[in-house]
Structure formats: C-alpha cells, structure tokens
Amino acid sequence: MKRDTMDKILSRLEHLDTEELRRLFMRLASEKGLLQEVFDALRDGLILFDAEGCARFVNKAACVLYNRPLKELMRVPFEQLVGGTCTWQEVCSSGIAITRDMHVNYPEERHYNFLISPVADGAEYLLLIRDDTESLVRGEEDAEAEQFNLVTYMAGAVAHEIGNPLNSLGLNLQLMQRKLAKLDASAQGKLAPLLESALSETRRLDTLLRQFLQSVRPGHLKRETVRLNDVVEHVLTVLEPEMAPRGISIQLSLSRDLPELEADGGQLFQALYNLIRNAYQSIPGSEGGVYIQTDYNDTDVRIIIGDNGTGISHEVMGNMYEPFRTTRKKGHGLGLLIVRHIIKEHGGTLSLASKEGIGTKVSITIPRADRVVRLLQS
C-alpha cells in the first residue's frame with residue numbers, strides 16, 4: 001500500500017464507524033499476510049531495517065540461513081549479520097546499493113552474497129542474503145571440465161602431429177631393413193644392428209605416445225570387481241625398481257577385510273601410480289618415507305597416501321589442479337588433474353593437505369560395492 005494512501009486513511013480514522021474500521025483492518029491484515037507468504041516463499045533471505053539499523057521484518061529463509069529463531073535474529077546487529085564486510089554507517093552514508101561477498105569455513109564451507117539497498121527514499125534498507133555455494137561449485141566444475149577437455153584436445157593434437165612422422169620413420173626403417181637383407185653379409189653385419197636399434201626406439205616412442213594419450217584421456221569406466229589392496233601392491237611392484245636405489249621406506253597399513261569396489265582397475269592403478277610416484281619423488285634424499293593406509297566405513301573405502309617430503313606452499317596449493325602447474329622441474333603438471341578426474345568419475349572424493357617442509361597427505365574415498373544404507377529409526 002502506498003504511503004499517500006496510508007496517510008489519507010490515517011487522517012480519516014476518527015470519522016470511520018466500527019464496521020468500516022473492521023473492513024479496513026481485515027484488508028490491511030490480508031495484504032500483510034499475502035506479502036508475508038510471498039516473502040517467506042523466497043529462497044533468498046530478506047531483512048528490512050529502519051533508518052536506525054533496527055530489523056523490522058525478517059523472512060523464513062533468513063532464519064534458516066542464519067540458523068536462528070525470528071525474535072533472536074531481529075536483535076542481531078547489522079555488522080554481525082554481514083560478517084563485518086561493511087558497517088551500518090557505510091550503508092547510510094553511501095545512499096546506493098552495496099554488494100558484499102563472504103566466505104564461511106565452519107561448520108561447513110559456504111559462500112554468501114549480500115545486497116544492501118535503500119528503499120522508501122532511503123528511510124529503510126533492505127538486506128538480501130543469497131547462498132551462492134552451489135552455483136559457485138557448478139561454475140568450478142564446469143571450468144574444470146572445460147580445462148580437462150582443452151588438455152585432452154591439445155594432447156590429441158600434439159600426439160597426432162608427432163605420431164604421423166614417427167609412423168613414417170618406422171615404415172622407412174622397415175624398407176631399409178628389407179633392402180639391407182639383399183646386401184652382402186659384411187654390410188648386413190654392420191648396419192643391421194643399427195637399423196634394429198632404430199626400429200626398437202621408434203616402437204618404444206610409439207608405445208610411450210599411446211600410453212600418454214591413454215593417461216590424458218582415461219575414457220569410459222570399465223567397471224569390474226576390484227580389490228584396492230591388490231591395486232596398491234601392484235603399483236608398488238611396478239615402482240620398486242625405481243624406488244629401491246633411493247632407499248625410501250614404504251610403510252603399509254592395509255585393512256585385511258577391505259570391501260571390494262566396482263571400479264575400473266586400470267584407471268585406479270593409473271591414479272594411485274601418479275600419487276605414490278609423486279609422494280616418493282617429493283622426498284629430496286634417502287631419509288624419508290611414504291605411508292599408505294586403507295580402511296573403510298559403511299559407505300566408502302578410503303586410501304591415504306602420505307609422505308614427509310618437501311611439501312607444498314600455500315601459494316602453489318591454490319592452483320594445484322590447474323593444467324601444466326607442477327612443483328617438479330621435469331613434471332608436466334597433468335598428474336593431479338588426471339587423478340582428480342578419475343576419482344570423480346568413480347563417484348569418489350579427493351582431498352589434499354600439505355605443509356611446506358613437513359610433507360603431504362592425500363586422502364581418497366570411493367563408494368564400496370556393497371554400500372550399507374542406514375535408515376533413521378521410525
């Protein structure tokens with residue numbers, strides 16, 4: 001209802017009889033009730049303040065966002081409601097709409113956006129609280145997927161450009177080998193080993209190229225029954241010749257009754273190979289070790305891979321999943337990006353904690369095949 005209309009009604013109140021007053025009251029109550037229902041149906045929180053900074057109206061969404069009852073929330077100071085991102089004096093002196101962002105880490109990580117706007121010619125102020133967490137997560141996932149698609153496209157293009165001349169080189173070497181077979185024995189004795197060595201190297205490069213493409217483009221999951229402990233032991237067996245000369249100790253704490261997974265064994269091997277290799281390569285000398293633990297709960301199987309290597313700085317940690325970002329001189333910066341993609345494809349989670357000079361711990365959870373569903377007691 002407009003302010004002019006309200007002023008006219010107030011000026012006539014003393015001239016209205018009982019029935020007219022009743023009808024007017026019912027109309028005002030119905031309009032207020034309708035507006036209350038509309039505002040309470042909104043997903044965003046709304047708080048209306050008067051010119052003194054006192055809350056006059058709060059909708060249900062605001063009570064849910066702040067996890068406070070209505071009466072208690074209306075007594076909370078403005079600065080506390082916006083997390084100290086601005087003061088009431090700033091709002092009043094600006095006379096314009098102000099927007100602020102706030103990131104919360106406890107009890108769970110959330111992101112909120114505040115819009116403070118003057119209404120009723122600056123006599124009142126409206127605070128709009130929006131939970132942007134889900135939209136930001138979707139945006140990050142979309143950006144990550146776009147990055148991954150770009151990396152796979154670039155990898156395919158580079159592999160194609162290398163593969164064509166490599167294939168041509170191999171064919172020419174085979175032709176030379178056939179012609180060499182027609183020469184005398186003395187010529188063959190000198191050139192045959194060289195040609196065979198060149199052919200062997202081209203085949204090795206071709207194998208490396210295919211392995212690189214397969215690692216960058218994991219493809220669709222080929223699910224099968226997988227024992228995570230077996231995958232860990234297989235990775236360690238493959239890495240043993242590389243780790244043994246370094247003298248790095250491996251501490252295993254593998255749960256004997258670990259539940260089975262419905263997973264792609266090859267892709268899990270690739271993910272754990274990258275992580276365990278990263279772990280021991282981060283140790284500068286021989287005085288260090290890698291710790292690997294597996295356990296489980298009702299819903300997931302977990303593996304922890306820790307090391308006491310050089311660790312990762314806070315600055316680098318913020319960009320760990322960016323392509324071509326690496327802390328090693330000979331690294332290509334795709335390992336963690338690929339690992340994260342593989343774990344997400346399995347419906348799992350990956351978390352990384354590190355401190356420079358102390359070491360790094362990577363924790364992975366993957367849904368177990370016989371997931372136990374717990375229901376609330378009725």
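## An aromatic cluster

Are Phe49 and Phe78 buried or exposed? In this predicted model, both Phe49 and Phe78 are buried. For Phe78 the relative accessibility is 2%, so this residue falls under the 20% limit for burial.

Phe49 and Phe78 pair edge-to-face, with 5.4 Å from centre to centre and 85° between the planes. Phe49 belongs to strand E1 (residues 45-50) and Phe78 to helix H5 (residues 78-81), so their pairing ties together parts that are 29 residues apart in sequence.

## From Phe78 to Trp88

Phe78 also forms an edge-to-face pair with Trp88, at 5.1 Å centre to centre and 70° between the planes. Here the link runs from helix H5 to helix H6 (residues 88-94), with Phe78 and Trp88 10 residues apart. Trp88 has a relative accessible area of 9% and is buried. Together with Tyr125, the residues Phe49, Phe78 and Trp88 make up one aromatic cluster. The count of aromatic pairs comes to five.

## Where H9 meets H10

Now for a pair of helices. The axes of H9 (residues 228-243) and H10 (residues 265-281) come within 9 Å and cross at roughly 45°. H9 and H10 are therefore oblique to each other, and their crossing is right-handed.

Which residues take part in this contact? On the H9 side they include Leu228, Val231, Val235 and Glu242, and on the H10 side Leu268, Phe269, Ile276 and Arg277 are among them. The residues of the contact between H9 and H10 divide into 14 nonpolar, two polar and two charged.

Technical notes. Residues numbered from 1 in each chain as written. Predicted model: local features only at pLDDT ≥ 70, side-chain atom pairs only at ≥ 80, totals over all residues. Heavy atoms only, no water. Phe/Tyr/Trp six-rings, centres within 6.5 Å; stacked < 30°, edge-to-face > 60°. Helix = DSSP H or I, 4+ residues; strand = E, 2+ residues; numbered from the N terminus. Buried < 20%, exposed > 50% of the residue type's maximum accessible area, 1.4 Å probe, protein only. Axes fitted to C-alpha atoms, helices over the stretch in contact; angles between N-to-C directions. Parallel < 35°, antiparallel > 145°, perpendicular 65-115°, else oblique. Left-handed = near helix turned anticlockwise from the far one by under 90°. Contact = heavy atoms within 4.5 Å. Nonpolar A, V, L, I, M, F, W, Y, C, P; charged D, E, K, R; others polar.
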